[in-house]
Amino acid sequence: MLLALLPSSVDGIVYVRIRNERGPTAVRAGIQCLELLSHTYFHMRETTQIENIVIFYLQNLSSPAREILLGYLQLHHTGYDIHEDDDDDDEDDEPESQFQLKLMSDSVSSDDLRRAQFMDHKQIDYYVIVIDSFEGLQRALDRISATAAFNPRGKFVVLYNNPNDRDSNARLANRALGHLFVGHHSVNVLFAFAIDATSYHVYTGDPYHGATDCGQMKALKVATVVNGSFASRALSTAMINIPKVPPELESCTFLLCTRVAPPFIDLDCSRGLELQIMDLLRESMKFKVNVSCSTMDRGELEPDGSWSDLLGLMRADECDIIAGGFSPDFDVHDAFGSTTLYLQDYYTWFVPAAGPDARWKLLVYIFEPTTWEAFAGVLFVSALVWRLVAHYLPELAAHRELSMCFLNTWSVFLCISANNRPECNALRLLFMGLTLYALNVTTIYTSILITMLTNPPLAYQMDTIEEILASGVPIGGRLDSEDWFINDFADDRLVSEQYNATSEFQPSLDNLQAVVEGKRSLLMSRLYVRNTKYNGLVHGLSRDVLVTQIEMIMEKGFPLLPKFNRILSNLIDMGIMQKLWSDFLYNVTILDRIRAHRALSEADIIAASPEVVLTLDHLQSAFALYGIGMCLCVVVFLLEVLSKTRW
C-alpha cells in the first residue's frame, strides 16, 4: 500500500559498498598499513639518541579511522618486537625500532599549547596522524605546529580513511601535501588514501624535482598497500625513501632578502661578506638566487602574533632567506630556522672622536707635572744659592739683591744673556753650571715642542656609557639591539629607558655625520663604521657592548638548511671563513686606501704629506704668552703708579 502511494516519477541511485568497510577487516588493514609505512619510512641515517614519535589523537573520528588510530596507538603503547607481515614473512624482517612515544590531542587549543612551558624541547622525529577529513588534518597540524618541539623536517605519515570518500585520492593527496608544504614547510610526508576497505594508495610530495616547476608541490604515487603488504615491495621501498631534496637544484631559484649592513651586505647590494658566503653555497648546490636589498630591519614579533619587516616578508613567502648581519635571538629561533654561526660582529657606542687639543696647552703638556715641579725647585734653590754666595763674597751690591738673583737665574734658565757678570769665580762657576743645565733643558724642550706642534695630542676622549648618559646626548640604535638592555641590571635599565630606535638612530652615513657633530650617540657595529668614510672621525668605546655571532634566517622547514649547515661547518673547519675575514680586513685597510690615493690630485697628495708647515694655529701658545705678558705689564704699571702717587 505504501509503494502504491509513492509517485511513479521518483528516481534514486543506490551505492552499494562491501559489508566490512567499517568492520574488523578494514581496521586490521589500516593498522597494518600504518605499521608498514612507519617501519619503512621512520628511520634516520645518523642518530645518537632515542628517536621520538608523536601519535595525534583526533576526537570525533568516524569508523574505521577511530579504530585504526586506537589500534596503532595500543600497539606502540604496549610494545612489540617483530614487525608482523602476513604475506612477506622472510628473513628481511628486522626488530622494530624503539621510539619514545608522545601523544597529542586536539582537546587542547593552539593558544594553550603556545602558552605552555615545555621542559623537553627536543624536536619530534616522526608524526602519525589518522584523519577522515581534510579539516581534521588542519586541526591536527595547528596543534602540532604550536608546540616548541615542532620539527618541520620530521617525517609525517598521514592515513586517510573515510568509507564515504573512496575516489578523491589524487586530488585530496595533492591538497594535503600542499598544505603541509606551504603552511608548515614540511616535505617529508607520506599520505595514505584508502581506496577500499583493505587497499591504500600512498603518495608523497615531490616539489624539487623537475626542470621548470621547482618549488611547486606535486603529488607522486609511490606505493599501493593491500592488507598490510606492498604490491611491489622493492620498488615501493625505494620510492618511499628517495631523498625529497636532490643534491643539486639547478632549476630552483630562491629569494634572498637582505638588509643593507656593510660589510656583510654593502650599499650597492652587489658585494658583502654574506653574499660571498651565499655564492659558496650556491656553487655547491647549483641553485640560483635573486637578491633584493632594503633598509628594513630584521623584524620583531607583533602583539597579534605576526612578524614585522623582513621576517614578516619571509612568513608571507615573499622571501626564502634573509641576511644582513643578523645576530641570534631566542624569540626568532622559536619560530624560524637559522644557519650555523659563521662570522662575528662587535657592537659598541660611537661618539665624536676627540680632535687635537688646544695648541696653547702644549707648552705645559710637554712635561709631566713632576718635571715642572723639579724645574721650579731647581730655579728656587739656584736663586737662593746665588744670593748666599754673593752675600759672603766681595760682590757688587746689585748682585746681592734677592730680586736680582731670581731674575738672573730665570734669565739663565731661558738661555737669555745676563749683563750682570759676577766678579767672583765661585759665582761664575755657578753661572756656568746653570747655563749648561739651561741649554740642555731648553734643547730638549724645543725639540719636544716642535713634535707636539706638528703632531699634537688628542683632547680628552669620552669612553664610557656613564659619561655619555651624563652628557645628555641622545642614544639609540637598531630595534633588535634594544633587547640586550632589557634585563635586571641597573646600568642596562638606564640605557633602555633612554634608548631610541627611530630612523634617526639607524646606521647610516647621515646619522654618522650627526655623531661627528655630537648630536647623538649610536650603538653600531665596529665593522660597519670601519667600512665607511667616517672611520677615524667617530670613536667607539673601548669596551664592547656585545660580541655577537652572525647567521642567516629562514623557515624551520627550509629544505636546504641541513645542507647549508654541513657546508658552512666544512668551510669553517677548512679556514675559508677566516680567509674571507682576512681578505675583508686587507681590502679595507690597504686596497681602499690605495684607490682613494689614486683619486687624489697632486695638490691633495702634497697637502696630505707628512711635512707639516707651521701656521698661526700652531703659534697659539706664542701669541697667548705675548698677550699674558702685556696684560701683566699693564697691571704692574698701574700698581706702581698707584703706589708712588701722593694722595
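I took a polar contact to be a pair of N or O atoms within 3.5 Å, where within protein one must be able to donate a hydrogen and the other to accept it, and where residues adjacent in sequence count only if both atoms are side-chain atoms. The model is predicted, so I kept in mind that local features need pLDDT of at least 70 and side-chain atom pairs count only at pLDDT 80 or more, while totals for chains, interfaces and linings use all residues. Residues are numbered from 1 along each chain as its sequence is written, and side-chain values use heavy atoms, with hydrogens and water left out.

**Entry: glutamate 555**

I looked up glutamate 555 and found that its side chain makes a polar contact with the side chain of arginine 315, at 3.0 Å. Glutamate 555 sits in the loop between strand E18 (546-554) and helix H19 (561-574); helices (H or I, at least four residues) and strands (E, at least two) are DSSP runs, numbered from the N terminus. Is glutamate 555 buried or exposed? Glutamate 555 is buried, with a relative accessible area of 7%, where buried means under 20%, exposed over 50% and partly exposed in between, with a 1.4 Å probe and protein chains only. Not counting residues up to four places away in sequence, glutamate 555 touches His185, Met314, Arg315, Ala335, Phe336 and Gly337, contact meaning heavy atoms within 4.5 Å.

**Entry: asparagine 511**

I next turned to asparagine 511, which belongs to helix H17 (residues 509-516) and is buried, with a relative accessible area of 8%. A polar atom of the asparagine 511 side chain lies 3.1 Å from the backbone oxygen of serine 503. Leaving aside neighbours within four places in sequence, the contacts of asparagine 511 include Ser503, Phe505, Arg520 and Leu522.

**Entry: cavities**

I then asked how many cavities of 30 Å³ or more there are, and the count comes to 3. A cavity here is a set of points, on a 1 Å grid over the protein atoms alone, where a 1.4 Å probe fits but cannot get out, and lining residues have an atom within 4 Å of a point. The largest cavity holds about 90 Å³ of space. Of the 13 residues that line the largest cavity, the closest to its centre are Ala261, Tyr347, Arg478, Ser525 and Tyr528. Strand E11 (321-326), strand E13 (343-352) and strand E16 (521-525) are the elements that give two or more residues to this lining. The second largest cavity has about 60 Å³ of space, and among the residues that line it are Arg259, Arg298, Tyr347, Asp480 and Trp484.

Note on methods:
On a 1 Å grid over the protein atoms alone, a cavity is a set of points where a 1.4 Å probe fits but cannot get out, and a pocket is an open set with protein on both sides within 12 Å along at least five of seven lines; lining residues have an atom within 4 Å of a point. Grid points are joined across faces, edges and corners, and a volume is the space filled by probe spheres set on the points.
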